[in-house]
Amino acid sequence: MDIFLIFVASLFMVLGIIGSFLPILPGPLTSWVGLLIVHFTEAIPMNTSFLVITLITALLIWVLDYIIPAIGTKRFGGSRLGMIGTTLGLIIGLFTPIPGGIIIGPFLGALVGELINRNDSKIAFKAAFGSFIGFLTSTFIKFIVAIIYLGLFIAILV
């Protein structure tokens, strides 16, 4: 049973890393579920305070995931449509066969969203850039935390 739980926990760790890039799946929280599953194995003892600290960190990152892109958009004069465009552009960019779609999609989505909201292309471009920077920052933070959780997971197993 312990081997099965470790296998399932490993899947959650990989899903957590993938979830760092997908807006639908919360990356660090998914990785944390992998750590929680390891806690239920009898072969690997785990400290409960470790789980609480990593949960608080994952929840904080989850909240920041919504705040950081909004800060980037606001800082550069963006609107709500720019944020919606960023998310839609990311989803479309993930499924299009063009190279770099995951990076190009959010930027183009934000630009289209801002152009729909405003007619001035200079302001729309600036706001799209801010939305894109906020998205990249948020994604980078989620990815780093998911990688740290994977490192902790490996350290616990070894």
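Two rings of Phe, Tyr or Trp (its six-membered ring) form an aromatic pair if their centres lie within 6.5 Å; planes under 30 degrees apart count as stacked, over 60 as edge-to-face and the rest as tilted. The model is a predicted one, in which local features need pLDDT of at least 70 and side-chain atom pairs pLDDT 80 or more, while totals for chains, interfaces and linings use all residues. Residues are numbered from 1 along each chain as its sequence is written, and side-chain values use heavy atoms, with hydrogens and water left out.

Searching the whole structure gives 3 aromatic pairs. One of them joins Phe-76 and Phe-129, whose ring centres are 5.7 Å apart with planes at 80°, so this pair is edge-to-face. Because Phe-76 lies in the loop between H3 and H4 and Phe-129 in helix H6, the pair ties together parts 53 residues apart in sequence. Helices here are DSSP runs (H or I, at least four residues), numbered from the N terminus.

Phe-107 and Phe-125 also make an edge-to-face pair, with 5.5 Å centre to centre and 80° between the planes. Phe-107 belongs to helix H5 (residues 101-117) and Phe-125 to helix H6, so parts 18 residues apart in sequence are tied together. At 18% relative accessibility Phe-107 is buried, whereas Phe-125, at 44%, is partly exposed; buried means under 20% relative accessible area, exposed over 50%, and partly exposed in between (1.4 Å probe, protein chains only).

A pocket is an open set of points on a 1 Å grid over the protein atoms alone, where a 1.4 Å probe fits, with protein on both sides within 12 Å along at least five of seven lines; lining residues have an atom within 4 Å of a point. The largest pocket is lined by 22 residues, and Pro-23, Asp-65, Tyr-66, Pro-69 and Thr-87 lie nearest its centre. H4 supplies the largest share of this lining, 6 residues.

Key
Helices (H or I, at least four residues) and strands (E, at least two) are DSSP runs, numbered from the N terminus.
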